[in-house]
Amino acid sequence: MSAAAPAAPAPARPVILSGRPASPGFAAGPLVVQAERTGGRRRAGTPAEERAALQAALATAAADLATLAAEASGDAADILEFQIALIEDDALSGPALDAIAGGTPAERAWTDAIGVLIADYEATEDDYFRARAADLRDLAERVATALSGEAQAGLTLPEGAVLFAADLAPSRFLSADWSGRGIALSAGSATSHVAMLARARGVPMVTGLGSLGAAAALAGAPALLDGEAGTLVLSPDAAATAAFAARRRASEAAAAHAAAAATGAAVSADGVAIAVHINVADPAELDRLDPAICDGIGLVRTELLFHARDGLPDEAEQTAVYRRILAWADGRPVTIRTLDAGGDKPIPGYTLDGEMNPFLGLRGVRLSLARPEVFAVQLRALLAAATDGDLKVMIPMVSVPAEMVRVRAAVAEAAQALSARGAPFRVPPIGMMVEVPAAALALDAFDTDFVSIGSNDLTQYTLAAGRDEPSVAELADTAEPAVLRLIAMTVAAADARGVPVSLCGDAGGDPRLVPLLLSAGLRSLSMAPSAVGRVKQTIAGLSVAAAARG
Ligand code: PEP
Ligand code: MG
């Protein structure tokens, strides 16, 4: 990423930008500006500019690979050498540069050219070449990242810094230390995965601030980020600084009050108990949390385990992580979701590159079923860990009943493989997420042991408003009647079958939406740990019978 420019002279007045709050909290420190991109992508230039951009990206990728190769040995060094040789081979760059000369933007030209090669490698009979297709996908991603202007290396930010960027990939977020720092996005959305990660880690974030324009010259200037009001103030004067400090103090006092409520039970004013579970993005978070704040873990997003490392974790590594989570829960129920990669959570070498619309593409269970060898490893790890506690396994992005039939068959195969090895295991309950309207509309047709509503995706798919699309952020609201009706239908259909139902989307942690979710019939919610105190306070102030009347 681009480093902060030297401090500009303070202007006479502060510059105030307003966006949408995405993660509460405050940060005060120097503004760090990351190169602007549009909607998460570069804006295409003339063919000459696109040619230069691709050549620069190839050179950057080759230099990064050479640095990595110098420190690597064995197989890792072979893979890196293979990737460097490919970058230097005109047979790969030639077709991409020809396409650019014909008017194709650099990203598309690169993705198409390497896509042809990946397909060739995948189609060969030779196991060696088929295995190398994964190295090609990794290379495709590396060059695409370099083209987008983002460096592959981890982010390093000064103390208190406020990072200003168009958008931020979850893997980039995971590469940085955010303590005391904050994120200001010109685009982005409060329901994106990076916003969810920011809330999970207590990192203040504001989205939809719009372009910095002339204020870009203020890189390095003092910045005040207010994740509750959704504002970014650059070069603040004394009055703006004092107002910020007062809001920060008031908010911290309210947060301390909410934290005190976090370990109590969630009971409404009219005595209805609500189960409160937590969502876990990264098992390292658990070390800082007291299990007494929750009735269990309602969602572990395992794709994020796959993000923070090179390559996919093997069976032993996954089993160890799942066991660690169960140990933390100390007998409480734990719902671990199988890999939900794709959409805005790409995993290099696993998800497809260049899909026209990744949110409507090969993601979640679709990808697990398309890559049975990866799915089998995860299922075996889950079945082995299930002997340690009250584990449930949850399947993301289920759209049609046949997917659950295929999942059950894969689980049976995993059980058979463990039993053939003589390894101890248990087949846990297998449930599905309801995050596609098709699943909500026909829930009775699915073979599921439990249901958890993914309100983030259910909202985006019901309203046809992308969760990472700031221009339609107002539309993507779980409070819309169509979404609430699908939630109520899901609860009623699950109740009718005697199948437990919960909700694990971000709506469950939003005090504005909690009364609506309880009215829709939900009595179990899962949320970011940082939301538990506030939600319990909200529940305590509600009469659920009154909420049920709407
Ligand atoms: C959801 O869609 O609401 C959900 C919980 O899944 P994710 O946010 O990880 O897509
Ligand atoms: Mg989802």
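1. A salt bridge is taken here as a side-chain nitrogen of Lys or Arg within 4 Å of a carboxyl oxygen of Asp or Glu. By this criterion, two salt bridges are counted between domain 1 and domain 3, and a search of the whole structure finds 21.

2. The structure is a predicted model, in which local features need pLDDT of at least 70, side-chain atom pairs count only at pLDDT 80 or more, and totals for chains, interfaces and linings use all residues. Residues are numbered from 1 along each chain as its sequence is written, chains are lettered from A and ligands numbered from 1 in the order in which they are written, and side-chain values use heavy atoms, with hydrogens and water left out.

3. The protein chain is assigned domain 1 (3-38 + 153-242), domain 2 (47-148) and domain 3 (259-540); such bounds come from an automatic or database domain assignment. The centres of domain 1 and domain 3, taken over C-alpha atoms, are separated by 30 Å.

4. Two individual salt bridges may be noted. Arg-201 pairs with Asp-282, with the closest N and O atoms 2.4 Å apart. Arg-181 and Glu-159 meet at 3.6 Å, N to O; Arg-181 lies in the loop between α6 (170-174) and β5 (182-185), and Glu-159 in the loop between α5 (127-147) and β4 (162-165), 22 residues apart. Helices (H or I, at least four residues) and strands (E, at least two) are DSSP runs, numbered from the N terminus.

5. The axes of helix α12 (residues 372-385) and helix α13 (residues 401-421) come within 9 Å and cross at roughly 65°; axes are lines fitted to C-alpha atoms over the stretch in contact, and angles run from 0 to 180 degrees between N-to-C directions. Phe-375 and Leu-379 of α12 are among the contributors to the contact, as are Val-407 and Ala-410 of α13.

Key
Contact = heavy atoms within 4.5 Å.
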